[in-house]
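Please keep the sequence and the model at hand while going through the points.

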Amino acid sequence: MLTAVDHVQLAAPPGSEDLLRAYYAGTLGMTEVPKPTALAARGGCWFETGDARLHLGIERDFRPARKAHPGLRVTGIDAFAARLAAHGAPVTWDDLLPGHRRFFSEDPVGNRLEFLEPGPA
């Protein structure tokens with residue numbers, strides 16, 4: 001029986017770890033967690049905050065997903081969008097999901113991200 005999503009894996013190009021750290025830890029405020037020794041040699045970074053875990057794995061022929069994305073729940077969505085915009089990240093609002101306010105953005109390597117908060121759309 002499935003009980004939860006443990007993490008979401010996103011891909012990134014070789015050598016992008018510093019960009020990823022600046023964005024996921026600096027801009028989003030997540031905490032980088034060490035990868036297990038057996039996996040660390042592959043590169044990439046792991047981040048978490050609360051119950052949300054994102055793993056960024058290195059892919060030699062990387063192409064960012066244009067449709068697939070994690071949906072990340074936030075509180076104070078207006079302030080969160082302003083924070084991303086202040087760091088130069090795109091913020092594209094979308095009002096098509098009933099009962100939620102949400103916007104889409106991209107990380108520095110082009111991965112699509114959705115940020116949403118329950119409430120009036």
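1. Phenylalanine 103 and phenylalanine 115 are both buried, where buried means under 20% relative accessible area, exposed over 50% and partly exposed in between, with a 1.4 Å probe and protein chains only. The model is a predicted one, in which local features need pLDDT of at least 70 and side-chain atom pairs count only at pLDDT 80 or more, while totals for chains, interfaces and linings use all residues. Residues are numbered from 1 along each chain as its sequence is written, and side-chain values use heavy atoms, with hydrogens and water left out.

2. A search of the whole structure finds 5 aromatic pairs. Rings of Phe, Tyr and Trp (its six-membered ring) pair if their centres lie within 6.5 Å; planes under 30 degrees apart count as stacked, over 60 as edge-to-face and the rest as tilted. The rings of tyrosine 23 and tyrosine 24 have centres 4.9 Å apart and planes at 85 degrees, so this pair is edge-to-face. Both tyrosine 23 and tyrosine 24 are buried.

3. Phenylalanine 103 and phenylalanine 115 form a stacked pair, with 5.1 Å from centre to centre and 25 degrees between the planes. This pair links distant parts of the chain, since phenylalanine 103 lies in strand S7 and phenylalanine 115 in strand S8, 12 residues apart. Helices (H or I, at least four residues) and strands (E, at least two) are DSSP runs, numbered from the N terminus. Phe103 and Phe115 also belong to one aromatic cluster with Phe80 and Trp93.

4. Strands S7 and S8 are part of an open sheet of 4 strands in the order S5-S8-S7-S6, with mixed pairing; two strands pair if DSSP finds at least two bridges between them. Strand S5 (71-73) and strand S6 (92-94) stand at the edges with a single partner strand each, so one side of each has no neighbour in the sheet. S5 and S8 pair in the parallel sense over 3 bridges.

5. In helix H1 (residues 17-27), the buried residues are Glu17, Leu20, Tyr23, Tyr24 and Thr27. Seen down the axis of H1, they fall within an arc of 165 degrees, so they line one face of the helix; the arc is that of the directions from the helix axis to the C-beta atoms. The elements against which they pack include strand S1 (8-12), helix H3 (77-86) and strand S7 (100-106), contact meaning heavy atoms within 4.5 Å. Glycine 29, which follows H1, has a positive phi, near 80 degrees.
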